Amino acid sequence: MPMFEPSKRDGIVGFDGGGDGHVLDLDTAVKDGVLGGGGVVSVGGVVGTGGGGGGEKLDLRMMIEELDLSEVPSVFICPISLEPMQDPVTLCTGQTYEKSNILKWFNFGHLTCPTTMQELWDDTVTPNRTLHHLIYTWFSQKYLLMKKKSEDVQGRAAELVEMLKTVKGQARVQALKELRQVVAVHATARQTLIDKGGIAVVSSLLGPFTSHVVGSVAIAILVNLSLDSESRMILMQPVKISLMVDILNEGSIETKINCTRLIKMLMEEKDFRSEYVSSHSLLVGIMRLVKDKRHTVGVLPGLSLLRTICLHEEARGLMVSIGAVPQLVECLPSLDNECLELALFILDALSSLPEGVLSLKDCSKTIPNMVSLLMRISESCTQYALSILLSICKLAPEECSSIALDAGLAAKLLLVIQSCSDPVLKQQSSELLKLCSLNYSDTIFISKCKLSRTIQ
């Protein structure tokens, strides 16, 4: 539940027990709009006033939890917990608190008012029934309006699903766009769409002759849904994957992100086959998304999909062939920590291929970037960077060792050996340090390592 802030719009001024000595009449509060308007709101036979009506009485705790409002009238908030009161009680000082909270305060041995710190001459707590009624009425009206709106949204979602079965052309586009807006905001609408068979209806719109406008909106809908195994299998048809790849390469930044998210979702299916993503066009599209400096919001979803793809060994060679290695190395300095860890994981996976490690060696920025990342971001980043450096230096010890030492590798390795808790990283660091020293005498090696500066 969020931290509640007093609502200036709905604030109740001068309530009895609020600490200012004034009395607020309930009828006045309702009439003046404090509770969002007068009258009783009734939905489906449920009455939400807390009175003795014939309808079912709503539970206050349940309403507070389901509404999860961040803005509530200040006098409804307990000064101790900063959450709405369900059982308000008033002290002899005139201050009002949630009963359970003030009793805990007393149990800790405090005999003062938490707000004013006045010493209490009477520790009796008096139920504040008027305030409780105000709280109950205010939350009831909010809750019942929310429920009514939710029912309206569910009905509209069901209508749109039925409409999509028959309409064509621009009417279909408009129905899809409205459905996208509804499911993006309302969880109840998403569930209604699923219950009414909407996943199959929307999925059927993805085909070889689907326009990119229809395809983009359909994908935006599907990516917001919880797809079961059967739905994912339908979407894994080659013709549908092909359309997603085309849209990924040509759509807006929002559409590209939706495509990557949907493809990643499909790859979580156990029957997903690697040939679905062994596509030159798909990998090129993802790399464009990752490198797009104008729209950095696409970097994380793009790298997340690449990480999932590189788990399939068949796709790694294709990733190397499109130039993914130097492009990712080039991006490293500009990435945030989360993206950096994903990129290093991918590069480490590609270094398991002969062509991958060769591409890493041939990139002039690989060694300096990897050395700079050791012991800087996280243990995982250090692990990936160290693994990559070890692979490169084993491939060309003399050439790569000299570049690495000039970049300050020795000092970083000594830091790993001294400070890191992972024995595997310590062992790899020792191995790499020894590998770098093989081509030099001790004196020259110490000189190249610039260890005197490190010791200082």
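F76 and W138 are both buried, where buried denotes under 20% relative accessible area, exposed over 50% and partly exposed the range in between (1.4 Å probe, protein chains only). The model is predicted: local features require pLDDT of at least 70 and side-chain atom pairs pLDDT 80 or more, whereas totals for chains, interfaces and linings use all residues. Residues are numbered from 1 along each chain as its sequence is written, and side-chain values use heavy atoms, without hydrogens and water.

Rings of Phe, Tyr and Trp (its six-membered ring) are paired if their centres lie within 6.5 Å, with planes under 30 degrees apart taken as stacked, over 60 as edge-to-face and the rest as tilted. Ring pairs join F76, W138 and F139 in a cluster.

For F345 and Y384, a centre distance of 5.7 Å and a plane angle of 90° also give an edge-to-face pair. Relative accessible area is 17% for F345, which is buried, and 13% for Y384, likewise buried. R307 lies over the face of F345, 3.8 Å from the ring centre; the criterion is NZ of Lys or CZ of Arg within 6 Å of the ring centre and within 35 degrees of the ring normal.

The structure holds zero disulfides, a disulfide being a pair of cysteine sulfur atoms within 2.5 Å. The cysteine sulfur closest to that of C400 belongs to C393, at 5.4 Å, too far for a bond. C393 is buried at 1% relative accessibility, and C400 is buried with a relative accessible area of 1%.
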